[in-house]
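Got the viewer open and the selection box ready? Let's take a walk through this one, stop by stop.

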Amino acid sequence: MSLLDKTTNRLQTLADRERFETDLDDEMRFHLEMEAGKHEARGMAPEAARALARREFGQVDRFKDEVRDVRGVTWMDDVRRDVRFALRSLRRSPGFTLVAVLCLALGIGANAAIFSVINAVLLRPLPYAAPDRLIRAYEMRGDEGKTGSVSVPNYLDWRAQNSGFQDLAAWMEGNRNLEGVGGTERIGSVEVTPNLFTILGTPALRGRAFVPGQDEPGKGQVAVIGEGLWRRRFGADPSLVGRSIHLDGLAYTVLGVMPAGFDFPPGPAAHEVWTLLQPSPQQKAARGSHFLAVAGRLKPGVSLDQASAQLRTVAARLEKQYPNEQTGRSVLLKPLKEAVVGKTRPALLILLGAVLLVLLIACANVANLLLARAAVRRREVAVRLALGAGRARLIRQFLVESLVLALGGALLGGLIAWGSLALLAPLAAGALPIAGGISVDGRVFAFLLAVSVVSGVLFGLVPALQASREDVRDTLSDAGAKSTSGGNQKRFRSALVVLEIALSLVLLVGAGLLLRGFLALSSTPSGLRPDRVLTAHLAVPDGQLKGSSVRVFQPLLDKVRHLPGVRSAGVISMLPIQDAWTNGSYLIEGRPVPKPGQEPSAEYRVASPQLFASLGIPILHGRDFTDRDGGPGSRLLIVNEALARRDFPGENPVGRQIRIDKEAAHTIIGVVGSVRQAGLDQQPLPEIYLPYVQIGAEDWLGNAVLVVHAAQAPEGLTAAVRQEVASVDRGLSLFDVETMDEVITKSLASRRLNLWLLGIFAGIALVLSAAGLYGVISYLVAQRTREIGVRIALGAQTRDVIGLVMGQGARLTAVGIALGLLGALAFTRVLESLLYGVSARDPLTFASIAALLAAVALLATWLPARRAAKVDPMLAIRNE
Amino acid sequence: MNPTATDLLQGTLDLLILKTLSLGPQHGWGVAQRIQQTSRDLLQINQGSLYPALHRLEEQGWIESEWGVSDNNRRAKFYRLTAGGQAQLDRETASWSQYAEAVRWVLQSA
């Protein structure tokens with residue numbers, strides 16, 4: 001019988017206890033009657049036959065008991081009795097129960113919440129067939145391990161020459177305007193190679209996905225769409241398959257609908273349309289033009305290392321073959337899952353560690369409460385021992401009580417987790433690499449159960465053992481009943497409080513460091529002036545940009561600039577602070593040509609006139625682009641300060657020339673301030689701005705961003721700007737309208753989430769440990785009431801008594817803080833990857849957190865100390 | 001009553017029950033009767049102790065039970081050998097024979 005069957009069996013027996021008993025009864029009675037019948041048939045009197053049968057059978061009750069033992073019924077009965085007893089005794093002290101359950105609920109709830117996130121992000125496999133065989137492939141530049149996108153020819157060569165993968169697919173993410181009855185909607189889209197869906201192994205819900213080698217209808221203008229889109233826009237119409245939808249003004253035939261929950265590539269952004277990647281002849285030839293993402297499925301039996309080694313030899317061959325483009329470039333393979341969640345793992349594990357510490361503190365607190373309770377219950381225990389209760393039985397009963405508390409805590413904690421996940425959802429959006437799916441599933445439930453059982457044993461075991469060691473005679477004799485509990489117990493309880501304080505300090509220091517880092521990062525100069533700047537992505541229908549982007553953007557910019565309340569407006573190919581992946585190499589005119597692979601490289605962005613003014617990027621030398629720039633033969637560019645400092649130290653680069661793509665030279669007309677392109681925590685990279693009027697610039701402007709500097713609050717301009725844009729061309733539309741402040745805030749989302757969570761956990765820890773300290777000091781005061789009364793009677797002043805009690809608390813606090821500081825020194829190093837601009841051993845943070853904790857601890861001891869000072873000496877002494 | 005029949009070796013009762021049930025489903029009393037008859041009354045099992053043994057074997061998954069109707073139209077609990085029980089019976093039978101054989105050799109050599 002499997003364990004599961006056994007458990008269900010047991011539970012069934014437990015649930016239907018009466019049935020079990022009647023069945024057992026019937027079974028044995030049947031036997032006795034049959035046996036008696038046999039004897040009767042041989043001529044015995046019925047009475048005597050029954051008596052003989054009974055004698056032959058033996059003691060019915062004894063065998064019934066044996067059967068109950070065999071079936072585990074006895075054990076369950078005992079547990080049931082223990083649970084009932086525990087519930088009754090907990091109900092008798094509601095204050096204790098409430099505090100204990102609350103402590104545990106906070107600890108367990110925090111754990112459940114974080115584990116739900118870890119479960120959704122790290123543990124749950126990606127929704128594809130055998131997802132651990134899916135591998136992401138990057139081009140790697142140099143030895144720095146910098147990973148980047150792949151060019152079309154490289155992808156084709158990798159695919160043709162590798163032997164470790166069943167197949168490799170490539171894709172490129174973007175956005176499309178979906179037009180139709182429901183209005184125009186901007187949706188996440190992906191252009192993919194036809195083999196992608198075969199590699200992923202997810203079958204379509206309706207119709208089919210792309211099939212490699214198949215000639216698709218309509219010259220490859222086909223699309224696979226997501227279930228959400230199908231439902232939202234097409235009312236889940238099954239006849240959509242085979243019909244067309246309009247994306248960016250072009251008709252695509254819908255081949256199929258993917259099932260709910262499917263998305264590719266996995267990540268925070270949702271994609272709802274997949275079309276075929278159709279690289280232009282130029283792109284097919286441009287080995288240096290990197291824009292594809294690549295992933296593949298390993299062949300059975302091939303390891304990641306083997307595939308990696310093999311693909312590297314392919315890359316090495318390409319490097320030899322095409323030294324101009326490939327020098328210094330190799331391949332890096334990563335499991336797809338790792339590529340998606342790898343960066344988030346350290347932060348999540350740190351948070352898990354933090355909540356485990358919180359739980360440990362909660363357990364210490366409850367253990368302390370239980371010990372205090374055990375001191376009160378010594379008489380009860382002693383009586384039961386004297387009446388012959390076994391110690392094992394007593395220990396079990398105490399443990400059952402702890403487990404009942406823990407399960408109560410888990411129940412409430414589960415609710416807390418559920419509620420806090422809902423509250424955290426807005427913070428978590430954009431901060432986690434996988435959107436949605438954070439829910440309480442079977443695994444979270446199992447974790448919750450395991451955590452509560454482990455913590456129940458953890459905080460219940462010592463009090464249970466201690467209670468069962470009670471000396472019966474000592475306790476029952478009148479003197480013993482009131483005597484203080486042993487020094488052992490006092491020491492143990494003090495140690496628990498010291499532990500709590502130390503752990504809280506570690507958590508608080510961690511949260512403090514994150515806060516310091518966050519503040520440092522928030523105040524890092526970004527290089528631009530974010531206030532009163534409105535940004536909006538421009539959706540331009542396919543084909544409209546062909547030839548010249550000016551034709552589209554210039555009338556648009558003119559109209560926007562003339563809006564009242566607009567100071568300036570410009571267009572850029574990609575907003576700063578968000579990301580940086582559009583880089584390339586160049587040569588400086590008049591300098592010796594470097595060896596292949598040694599050329600300087602920079603970020604490339606395309607900008608319109610007034611872009612720098614709109615973003616508040618200062619022009620340090622030379623001038624901005626103007627609308628008169630451009631035209632055939634005019635090749636201009638602007639560089640940033642970082643590039644000027646690296647390539648032209650001590651010179652003014654204005655007037656110098658740079659050769660891009662080994663084509664005609666471009667003249668530098670200006671130098672602008674550096675901005676942090678890839679995020680506030682990344683140093684500014686050398687950068688080249690090309691004018692949007694230049695031939696070829698339109699290739700960069702497919703996802704252009706309009707930047708408007710407003711005289712007042714920029715949000716008020718949104719409607720007017722939208723209207724102006726639509727008045728230029730009905731096909732043009734704006735999406736993702738945000739102020740620059742919001743863009744920067746968003747870029748800090750994951751740090752903000754980490755800060756909030758660790759801050760909340762540290763706060764809980766602080767409250768719990770303060771409560772623990774308060775409890776222990778109160779207890780010690782209660783134990784010393786008589787002594788304090790004598791002292792007061794002998795003339796001790798209020799101040800002396802308060803000093804006496806607080807001294808005790810201060811000693812515990814001091815030891816806790818000292819241990820905590822050591823612990824923090826050892827453990828905050830794991831935080832390093834999450835910190836910015838502050839050392840993991842920042843003395844200011846350490847000192848101020850220690851001071852904060854000391855202040856809270858003093859308050860927690862001052863309250864019982866004041867009570868002690870008010871002891872009426874006569875009462876205290878007489879009471880004994 | 002044969003005096004040697006009262007002491008069954010530990011575990012032997014289980015083997016006898018499995019063997020009996022391998023001949024077909026049977027209720028507890030039937031098992032007792034059958035063991036008694038086939039052992040020509042040499043083995044008289046303690047009837048009450050049959051039940052803990054039956055329940056233990058069912059817990060282990062070697063037999064399973066079902067309520068049915070006996071020959072004389074009474075409600076009775078019938079036990080049946082499972083596939084796992086058959087395998088267990090084969091194992092036990094083999095090791096029992098080996099044991100008996102070994103004991104016989106030792107006794108004969110003396």
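**Before you click anything**

Keep in mind that this is a predicted model. Its scores are ipTM 0.89 and pTM 0.77.

**Stop 1: chain B on its own**

The mean for chain B is 85, with 90% of its residues at 70 or more. Now select residues 1-7 of chain B: here the pLDDT falls below 50, and beyond near neighbours in sequence the stretch has 6 contacts in the model. Where pLDDT is low, predicted coordinates are not something to read in detail.

Switch to cartoon. What pattern does chain B follow along the sequence? Reading along, you get α-β-α-α-β-β-α, made of 4 helices and 3 strands. Along the principal axes, the C-alpha atoms of chain B fill a box of roughly 55 × 35 × 20 Å. Of the 110 residues in chain B, 29% are buried. Among the chain B contacts with a separation of 6 or more, 49% are between residues 24 or more positions apart.

**Stop 2: helix H1 of chain B**

Select residues 12-21 of chain B, which is helix H1. Show the side chains of Leu13(B), Asp14(B), Leu16(B), Ile17(B), Leu18(B) and Leu21(B): these are the buried residues of the helix. An α-helix has 3.6 residues a turn, so residues three or four places apart point the same way. What do the buried residues of H1(B) pack against? Their partners in chain B are strand E1 (26-27), helix H2 (28-38), helix H3 (50-59), strand E2 (63-69), strand E3 (75-81) and helix H4 (83-109).

**Stop 3: helix H3 of chain B**

Next, select H3(B). Why is this helix largely enclosed by the rest of the structure? Because 7 of its 10 residues are buried. Following H3(B) you'll find Gly61(B), with a positive phi near 85 degrees.

**Stop 4: where the chains meet**

With both chains showing, select the contact: 18 residues come from chain A and 17 residues from chain B. On the chain A side, helix H2 (17-41), helix H3 (46-57) and helix H4 (60-70) each supply at least two residues. H2(A) gives the largest share, 7 residues. Colour that side of chain A by residue class and you get 9 nonpolar, 3 polar and 6 charged.

**Stop 5: the domains of chain A**

Now colour chain A by its domain assignment: domain 1 (3-71), domain 2 (143-327), domain 3 (345-522 + 749-878) and domain 4 (541-731). Domains 2 and 4 of chain A have C-alpha centres 29 Å apart. Their contact takes 10 residues from domain 2 of chain A and 7 residues from domain 4 of chain A. On the domain 2 side, strand E4 (165-179) and helix H12 (323-326) of chain A are the elements giving two or more residues. That side divides into 2 nonpolar, 7 polar and 1 charged.

**Stop 6: the cores**

The largest nonpolar core has 115 residues, and Val358(A), Val366(A), Leu505(A), Phe761(A) and Ala765(A) have the most contacts inside it. Helix H14 (residues 345-376) of chain A gives the most to this core, 18 residues. Centre on Ala765(A): leaving aside neighbours within four places in sequence, its contacts are Leu357(A), Val358(A), Ile361(A), Leu503(A), Ser504(A) and Leu507(A). Another core, of 63 residues, lies apart from the largest one; its members include Val552(A), Tyr586(A), Phe612(A) and Val725(A).

**Stop 7**

Zoom to Phe264(A) and Pro265(A), joined by a cis peptide bond with omega about -10 degrees. Pro265(A) sits in the loop between strand E9 (250-257) and strand E10 (273-276) of chain A.

- Ala236(A) has phi near 55 degrees and lies in the loop between helix H9 (227-234) and strand E8 (244-247) of chain A. Ala236(A) has 13 C-beta neighbours inside 10 Å, so it counts as partly exposed.
- Ile577(A) has phi of about 75 degrees, in the loop between strand E14 (566-572) and strand E15 (583-588) of chain A. Ile577(A) is buried, with 22 other C-beta atoms within 10 Å.

Definitions and conventions
Residues are numbered from 1 along each chain as its sequence is written. Chains are lettered from A and ligands numbered from 1 in the order in which they are written. This is a predicted model: local features need pLDDT of at least 70, side-chain atom pairs count only at pLDDT 80 or more; totals for chains, interfaces and linings use all residues. Domain bounds come from an automatic or database domain assignment. Two residues are in contact if their C-beta atoms, placed from the backbone, lie within 7 Å. Ala, Val, Leu, Ile, Met, Phe, Trp, Tyr, Cys and Pro count as nonpolar, Asp, Glu, Lys and Arg as charged, and the others, Gly among them, as polar. A residue is buried if 20 or more other C-beta atoms lie within 10 Å of its own, exposed if 12 or fewer, and partly exposed in between; C-beta atoms are placed from the backbone. pLDDT is the predictor's confidence in each residue, from 0 to 100. A nonpolar core is a set of buried Ala, Val, Leu, Ile, Met, Phe, Trp, Tyr and Cys residues joined through C-beta atoms within 7 Å.
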